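The following paragraphs go through a protein structure by its side-chain contacts.

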Amino acid sequence: DGGITQSPKYLFRKEGQNVTLSCEQNLNHDAMYWYRQDPGQGLRLIYYSQIVNDFQKGDIAEGYSVSREKKESFPLTVTSAQKNPTAFYLCASSPLGVNTEAFFGQGTRLTVV
Amino acid sequence: AQKVTQAQTEISVVEKEDVTLDCVYETRDTTYYLFWYKQPPSGELVFLIRRNSFDEQNEISGRYSWNFQKSTSSFNFTITASQVVDSAVYFCALSEANTGFQKLVFGTGTRLLVSP
């Protein structure tokens, strides 16, 4: 079945470490996105990409980095520069264009220990 | 700037009650899209509906219905005869057409608890 796969589901990180969250889609979508969800704050856009080898910062990109080497994959690295990384991270994809909808993965819950 | 407000943080109802989730949005664009997503306890967001700014017709899908009113910048969601399986967090979101692709601005969500 087509969909978006995020791994791992739970991730624990020590302070000062970088960690990478995986996101893979087999929907043949051009656009991919990373959102961060905190309690009571809804979802906020971290990074997005419309095409391979190109990506743009969203509203809260500081302390994060991404790559888009393949159409199917859009990994997110949470760096040690991110001051408060504990959150729920959701990856999404969509066709290009605005008259479409985004499909979401099941999320990765990151906890700093 | 775009903004989506969901003033109801949490709503509790008993099964079979009707419930309305409110959504108010702000945008300067004349062409935009509004969405509702459901987030069950498993975590993923499930798409429910997309509505463009030129289509103010109300929509009904089974027990779900949506009321879009541009005059009050609202896009409210009603569940009729609620069921326990409707328990989830519901998000309203906005996307402006001038971005050229899906760049969603989300509300803070409304948690719906349906008890038996």
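**Contacts between and within the chains**

A:Glu101 and B:Arg50 form a salt bridge, with their closest N and O atoms 2.2 Å apart. The model is a predicted one, and this distance, like the others below, is to be read as part of that prediction. Between chain B and chain A the count is 1 salt bridge. The contact draws 22 residues from chain B and 22 residues from chain A. Together the two chains bury about 2,000 Å², and 58% of this area is on carbon and sulfur atoms.

How confident is the prediction for chain B? Its mean pLDDT is 93, and 97% of the residues of chain B reach 70 or more. Within chain B, confidence is lowest in strand S7 (residues 59–61), where the mean is 88. It is highest in strand S3 (residues 19–21) of chain B, at 98.

Next come the charged side chains. Over all chains, a search of the whole structure finds 7 salt bridges. Two of them involve B:Arg51, which bridges to B:Asp55 at 2.5 Å, N to O, and to B:Glu59, where the closest N and O atoms are 2.5 Å apart. B:Arg51 has a relative accessible area of 6% and is buried. Its two partners are placed otherwise: B:Asp55 counts as partly exposed at 24% relative accessibility, and B:Glu59 counts as partly exposed at 31%.

In chain A, salt bridges with shared partners join A:Arg36, A:Asp38 and A:Arg44 into one network. Within it, A:Arg44 bridges to A:Asp38, the closest N and O atoms being 2.8 Å apart. Which of these two is buried, and which is partly exposed? A:Asp38 is buried, with a relative accessible area of 10%, while A:Arg44 is partly exposed at 27%.

A charge can also face a ring. The charged end of A:Arg68 sits over the ring of A:Phe74, at 6.0 Å from the ring centre.

That leaves the aromatic side chains. How many aromatic pairs does a search of the whole structure find? Over all chains, the number is 19. One of the pairs is B:Tyr37 with B:Phe47, an edge-to-face arrangement with 5.9 Å centre to centre and 70° between the planes. B:Tyr37 lies in strand S5 (residues 32–39) of chain B and B:Phe47 in strand S6 (residues 46–52) of chain B, so the pair ties together parts that are 10 residues apart in sequence. B:Tyr37 counts as buried, at 0% relative accessibility, but B:Phe47 is partly exposed, with a relative accessible area of 25%. B:Tyr64 and B:Trp66 make another edge-to-face pair, at 6.0 Å centre to centre and 85° between the planes. Both B:Tyr64 and B:Trp66 are buried.

Key: Residues are numbered from 1 along each chain as its sequence is written. Chains are lettered from A and ligands numbered from 1 in the order in which they are written. This is a predicted model: local features need pLDDT of at least 70, side-chain atom pairs count only at pLDDT 80 or more; totals for chains, interfaces and linings use all residues. Side-chain values use heavy atoms; hydrogens and water are left out. Rings of Phe, Tyr and Trp (its six-membered ring) pair if their centres lie within 6.5 Å; planes under 30 degrees apart count as stacked, over 60 as edge-to-face and the rest as tilted. Helices (H or I, at least four residues) and strands (E, at least two) are DSSP runs, numbered from the N terminus. Buried means under 20% relative accessible area, exposed over 50%, partly exposed in between (1.4 Å probe, protein chains only). A charge sits over a ring if NZ of Lys or CZ of Arg is within 6 Å of the ring centre and within 35 degrees of the ring normal. A salt bridge is a side-chain nitrogen of Lys or Arg within 4 Å of a carboxyl oxygen of Asp or Glu. pLDDT is the predictor's confidence in each residue, from 0 to 100. Contact means heavy atoms within 4.5 Å. Buried area is the accessible area (1.4 Å probe) that two parts lose on being put together, summed over both.
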